[in-house]
Amino acid sequence: FNRQSSTQQNSLFELIRSRTIYGQPTGTKMIFGAMNPFGMEGTEVLDEALVDRMCMFIYTKGFEKLDDEVKESIIQKMGQNDSPGLSLWTDYESTQATNYLTVNQELSDVGKDIETVLSRAGEIFFELKDKSGDSYALFVSRFIELLRSDSNDEIVISSRRAAMMYRALLGYRAVELAFSEAKGEDISSLEDSFADVLIRTLPTGISDSTGSVNSDMEYKISTTLATMASFFSHTSYTQMRTSMDVLGELLTSNDIVRKTRLLL
């Protein structure tokens, strides 16, 4: 995604923003983009407006940060394309070679499960929105305020990104609930669910302005969530809002007298 010029990036803007090309619908449901680490040879700076229209980001660890067991598995991998000489001159058959017919069948079966889960998740999404939409919106607003106050205003989150975070929190939870229904499995806590979404909706290290991907972001998100623990303990929206308002003022106010009163 980031090995293309700004002109090529702009040509994708309409597709990513509205799923159309020259105003014509494409029937596109999902868009995925892969990219090299920012700053690598050949990478281009991404348009911030373009980045701001991608909902979620999946960060992969570098080889040096993987667990020993995973590293050793990768080191010992000998697929068909890794060792073609062995396949040509010996009877060696890789256990890691890809059988595309089998893979396609497995993907087809999984696709049916995904369709079932997402259809149900769509229904749950609006049920959640009606029941807890105001609470989720309050959370996003307060979370952004506290994250910025903890980061010396280095993190800039646009209104579009805030709205995306809101939809992602609802959508992710809806998928979890739908999957739990379908498979009969336990669901994670709401706090864990929110943590999963937040680390994936903040575009750290994606464009020039966001800097490099760093472990500090995950720490900041987890500490901010810990600070907001009372949000997850209240069932009443009024109690929740009061708690968040007090917390927000306590952490952002410079008036020491006011802070003392709030603490008392």
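The chain carries 26 positive and 39 negative side chains. The centres of these two sets lie 7 Å apart. This is a predicted model.

**The whole chain**

The chain holds 11 helices and 2 strands. From the N terminus, the order of elements is α-β-β-α-α-α-α-α-α-α-α-α-α. Along its principal axes, the C-alpha trace spans about 80 × 50 × 45 Å. Of the 264 residues, 29% are buried. The accessible surface comes to about 17400 Å². Carbon and sulfur atoms account for 53% of that surface. Now take the contacts between residues at least 6 apart in sequence: 63% of them join residues at least 24 apart.

**A negative patch**

Which residues form a negative surface patch? They are Asp67, Asp68, Glu69 and Glu72. Glu72 sits in helix 3, which covers residues 68–75.

**Two residues compared**

| Residue | Relative accessible area | Class |
|---|---|---|
| Glu72 | 45% | partly exposed |
| Leu12 | 26% | partly exposed |

Why does Leu12 count as partly exposed? Its relative accessibility is 26%, and the partly exposed class lies between under 20% for buried and over 50% for exposed.

**Around Leu12**

Leu12 belongs to helix 1, residues 6–18. Leaving aside residues up to four places away in sequence, Leu12 touches Phe1 and Gln4. Ser149 is 137 residues from Leu12 in sequence. In space, the C-alpha atoms of Leu12 and Ser149 are 35 Å apart.

Definitions and conventions
Residues numbered from 1 in each chain as written. Predicted model: local features only at pLDDT ≥ 70, side-chain atom pairs only at ≥ 80, totals over all residues. Heavy atoms only, no water. Patch = residues over 30% accessible without salt bridge, like charges linked within 9 Å, V, L, I, M, F, W, Y side chains within 5 Å. Areas by Shrake-Rupley, 256 points an atom, 1.4 Å probe, with all protein chains shown as cover. Salt bridge = Lys/Arg side-chain N within 4 Å of Asp/Glu carboxyl O. Lys, Arg positive; Asp, Glu negative; His and termini not counted. Charge placed at Lys NZ, Arg CZ, Asp CG, Glu CD. Helix = DSSP H or I, 4+ residues; strand = E, 2+ residues; numbered from the N terminus. Buried < 20%, exposed > 50% of the residue type's maximum accessible area, 1.4 Å probe, protein only. Contact = heavy atoms within 4.5 Å.
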